[in-house]
Amino acid sequence: MARVVDHGAGVRLVDARIAYRCVQALVWGLARVGSILALAVAWEVLARSGAFTPFMLPALSAALERIWNDLVSGDLLLNAALTLYRAFAGFLIAAVAGIALGMAISRNAVAHWFFDPIVSVGFPMPKIAFLPVVMLWLGVYDVSKITMVAFEAIFPVVTATIVGIRGIERELIWSARNMGAGERELLWQIAVPAALPQIITGLQVALPIALIVTIVAEMFMGGYGLGGAMNTASRFADSRGVFAGILEIAVIGYALVKAMTLIRRRLLLWHQEAVAPSTV
């Protein structure tokens, strides 16, 4: 007796599973941004409740309207582009110099003797205190802002590089040397790949620091940029402009952090942290 296969039931089962997964993904997505949505609703409700004046706390909708107006006029794009240029320029200088200095400290006794005390003292020190000195020496233009960003962001990169290289397993180095690897091969083929997770962690710490220092430097030195626009709005008692600037910086900072996370995953596909844990 021939079996009758109900293809329609199988298709409906597959469709039901796809719909369930879509709903599950939507629920998890909303849950991840639930606190942000709750904060946005609370902001709007409090601003319109009369408990705060519009000067103290403008409504979220008013701040978003200001952002839209700045976007249409082109001011937002100009200020964001200048801020990102300064932040990325200082970050790249800090990344290259920090990785090179961290390698030198880890691999060279003279460099370790000279630079290690400086890094130990400078890392916990609030480098933003040097901002007035940088302004006196270099003025208030891009060079001084980028210098301040690089000076602030270099320390976590140096520290992470040192920790990463010093944390390499001795057996790995011994095995490479027994196989005839020279110092250059040992550095670029063994030390750097093994320390890459720690180095990227230092870069992930340095990038938000670069953005923060850029904003602070722009506030102090004035001119164009997100920090300078917020400072100008504050001087003219433009509360909507100040809160709009806060939102713009928050969105840009979030985007940068997420971009660094994606870059980390891409660069560390070979590393054990990229391997999904077993569910068995």
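This report walks through the core, the surface patch, the salt bridges and the aromatic pairs of one predicted model.

## Ground rules

Residues are numbered from 1 along each chain as its sequence is written, and side-chain values use heavy atoms, with hydrogens and water left out. Because the model is predicted, local features need pLDDT of at least 70 and side-chain atom pairs count only at pLDDT 80 or more, while totals for chains, interfaces and linings use all residues.

## The nonpolar core

The largest nonpolar core holds 51 residues. Such a core is a set of buried Ala, Val, Leu, Ile, Met, Phe, Trp, Tyr and Cys residues joined through side-chain atoms within 4.5 Å. Buried means under 20% relative accessible area, exposed means over 50%, and partly exposed lies in between (1.4 Å probe, protein chains only). W43, V158 and L203 have the most contacts inside this core.

Helices here are DSSP runs of H or I with at least four residues, numbered from the N terminus. Those that each supply at least two core residues include helix 2 (34-48), helix 4 (75-107), helix 7 (142-166) and helix 11 (239-267). Helix 9 gives the most, with 13 residues.

Which residues does W43 touch, not counting those up to four places away in sequence? They are L57, P58, A59, L60, F243 and L247. A contact means heavy atoms within 4.5 Å.

## A nonpolar patch on the surface

Nonpolar side chains also gather on the surface. M125, F130, V133, L136, W137, L138, V143 and F151 form a nonpolar patch there, with about 800 Å² of accessible area together. Patch residues have over 30% relative accessible area and no salt bridge; nonpolar side chains (Val, Leu, Ile, Met, Phe, Trp, Tyr) are joined within 5 Å. The areas come from the Shrake-Rupley method with a 1.4 Å probe, and for residues only the protein chains shown count as cover.

Helix 6 and helix 7 each supply at least two residues of the patch. The largest share, four residues, comes from helix 6. L136 lies in helix 6. Why does L136 count as exposed? Its relative accessibility is 74%.

## Helix 10 and its end

Helix 10 has several buried residues: L226, G227, G228, M230, N231 and A233. Just after this helix, A237 takes a positive phi of about 55 degrees.

## Salt bridges

Side chains of opposite charge can pair when their charged atoms come close. The structure holds six salt bridges. Each is a side-chain nitrogen of Lys or Arg within 4 Å of a carboxyl oxygen of Asp or Glu. One joins R48 to E44, with the closest N and O atoms 2.5 Å apart. These two are four residues apart in helix 2, so about one helical turn separates them. R48 is exposed, at 59% relative accessibility.

R240 pairs with E65, the closest N and O atoms being 3.9 Å apart. R240 sits in helix 11 and E65 in helix 3, 175 residues apart. Both are partly exposed: R240 at 31% relative accessibility, E65 at 46%. D142 pairs with R86, the closest N and O atoms being 2.8 Å apart. D142 is in helix 7 and R86 in helix 4, 56 residues apart. D142 is partly exposed, with a relative accessible area of 26%, whereas R86 is buried, at 5%. R66, D70 and D238 are linked in a network of salt bridges.

## Aromatic pairs

There are five aromatic pairs. Rings of Phe, Tyr and Trp (its six-membered ring) pair if their centres lie within 6.5 Å; planes under 30 degrees apart count as stacked, over 60 as edge-to-face and the rest as tilted. F114 and F115 form an edge-to-face pair, 5.0 Å centre to centre with 85 degrees between the planes. F114 is partly exposed, with a relative accessible area of 46%. F115 is partly exposed too, at 30% relative accessibility. Ring pairs link W113, F114 and F115 into a cluster.

The rings of F151 and F155 have centres 6.0 Å apart and planes at 70 degrees, so this pair is also edge-to-face. Both lie in helix 7, four residues apart, about one turn of the helix. F151 is partly exposed, at 31% relative accessibility. F155 is buried, at 8%. F151 also belongs to the nonpolar patch.

Methods:
Patches are made of residues with over 30% relative accessible area and no salt bridge: like charges are joined within 9 Å, nonpolar side chains (Val, Leu, Ile, Met, Phe, Trp, Tyr) within 5 Å.
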